[in-house]
Amino acid sequence: MSQNDKPCAIYGGQAVIEGVMFGGQTTNVTAVRRKDNSIDFLEVPKTEIGWVRPLKKIPFIRGIVGIVEASAKGAQHLNFSAEAFAEEEDDGTPKEEKKESASGRLSMILGVAVVGVLSFLFGKFVFTLVPTAIEQLLFSNMFENQIGHNLVEGLIKIILLVGYIYFISLTPMIKRLFQYHGAEHKVISAYEAGVELTVENVQKFSTLHYRCGSSFIVFTVLVGVIIYSFFQYDSFIERIVQRLILLPVVIGVSYEVLRFTNSLREVPVLRYLGYPGLWLQMLTTKQPDDSQVEVSIASFNRMRELDDKARA
């Protein structure tokens, strides 16, 4: 892409094991780095159920639909990257080292899966129930109004989330995954800036991006505090049931907040509305090396190439 090209579509992606996935208009593409330094691709044409398409245009509903789709799509591409990584095990490596490699790979796969779960469905249930229970147990008599309890509950959620991500980011394998996450953001930012996608150009951009799942997680906590404040409860059980019932509402509103902050990222002062999400990305993204950026560029270019062929 030359400097004269203007971005004509909004793209998103995710990091996978030793690679990056990008979702295009017609095809989802994952590129992974092999041990022989080659790059393999998984190309999956996008299919859509007819009745789902209109739902994507309805505010507050489209966020829930998008999360379900992203979960299914991400699982398929994560599985491809895990299998590609596993196929290279029979390479003459001593048996003991193979066991260590297999154990490490399993840990990485589990870590990636847990991060994905935390970002979407099951994780939201866990991060709804546990902080509520902790707040009820430790601070039940501290506030006379429920707004105070809601604020403490939100603070506990943030502490648990940041603590979990921080500790797993200390492991070499998850750190490498977060580097690919950073490479994904850099490529999207370079594309949106209209510069040629070379390793040198892409590396100049930040690993942080307003339109990211990490930001979405933060907004679900902040939006939840506000929405929960409009509803009263008389017991702990009622509080839990209320949180679970309102979960789709929180997700839908949070998605709209994410879109809104992204649209304001070039507006002075208002751009700071998206900073809470960017702060969390300082944990979920790391500075990638040139070879990781190369993989991300390869994935993005292949995705755009297939989109162009489909439209021709």
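Is Glu153 buried or exposed, and at what relative accessibility? The exercises below treat this residue and several others.

The structure is a predicted model, in which local features need pLDDT of at least 70 and side-chain atom pairs count only at pLDDT 80 or more, while totals for chains, interfaces and linings use all residues. Residues are numbered from 1 along each chain as its sequence is written, and side-chain values use heavy atoms, with hydrogens and water left out.

**Exercise 1. Classify Glu153 and describe its salt bridge with Arg243.**

Step 1. Buried means under 20% relative accessible area, exposed over 50%, and partly exposed in between (1.4 Å probe, protein chains only). Glu153 has 1% relative accessibility and therefore counts as buried.

Step 2. A salt bridge is a side-chain nitrogen of Lys or Arg within 4 Å of a carboxyl oxygen of Asp or Glu.

Step 3. Glu153 belongs to helix α5 and Arg243 to helix α9, so the pair links distant parts of the chain, 90 residues apart. Helices (H or I, at least four residues) are DSSP runs, numbered from the N terminus.

Step 4. Arg243 is buried as well, with a relative accessible area of 0%.

Step 5. Both residues belong to a network of salt bridges that links Glu135, Glu153, Lys157, Arg239 and Arg243.

**Exercise 2. Contrast the salt bridge of Arg62 and Glu256 with that of Glu305 and Lys309.**

Step 1. The structure holds 13 salt bridges. In one of them, the side chains of Arg62 and Glu256 meet at 2.6 Å, N to O.

Step 2. Arg62 lies in helix α2 (residues 62–86) and Glu256 in helix α9 (residues 236–263), so this pair ties together parts that are 194 residues apart in sequence.

Step 3. Arg62 counts as buried, at 17% relative accessibility, and Glu256 counts as buried at 14%.

Step 4. Glu305 and Lys309 meet at 3.5 Å, N to O. These two residues are four apart in helix α11 (residues 290–311), so about one helical turn separates them.

Step 5. Glu305 is partly exposed, with a relative accessible area of 35%, whereas Lys309 counts as exposed at 52%.

**Exercise 3. Describe the largest cavity and its lining.**

Step 1. On a 1 Å grid over the protein atoms alone, a cavity is a set of points where a 1.4 Å probe fits but cannot get out; lining residues have an atom within 4 Å of a point. A volume is the space filled by probe spheres set on the points, which are joined across faces, edges and corners.

Step 2. The structure holds one cavity of 30 Å³ or more, and about 30 Å³ of space lies in the largest cavity.

Step 3. The lining consists of Asn150, Glu153, Gly154, Lys157, Val221, Gly224, Val225 and Tyr228. Helices α5 (146–169) and α8 (213–228) each supply at least two residues of this lining.

Step 4. Ala, Val, Leu, Ile, Met, Phe, Trp, Tyr, Cys and Pro count as nonpolar, Asp, Glu, Lys and Arg as charged, and the others, Gly among them, as polar. The lining of the largest cavity accordingly divides into three nonpolar, three polar and two charged residues.

Technical notes:
On a 1 Å grid over the protein atoms alone, a cavity is a set of points where a 1.4 Å probe fits but cannot get out, and a pocket is an open set with protein on both sides within 12 Å along at least five of seven lines; lining residues have an atom within 4 Å of a point.
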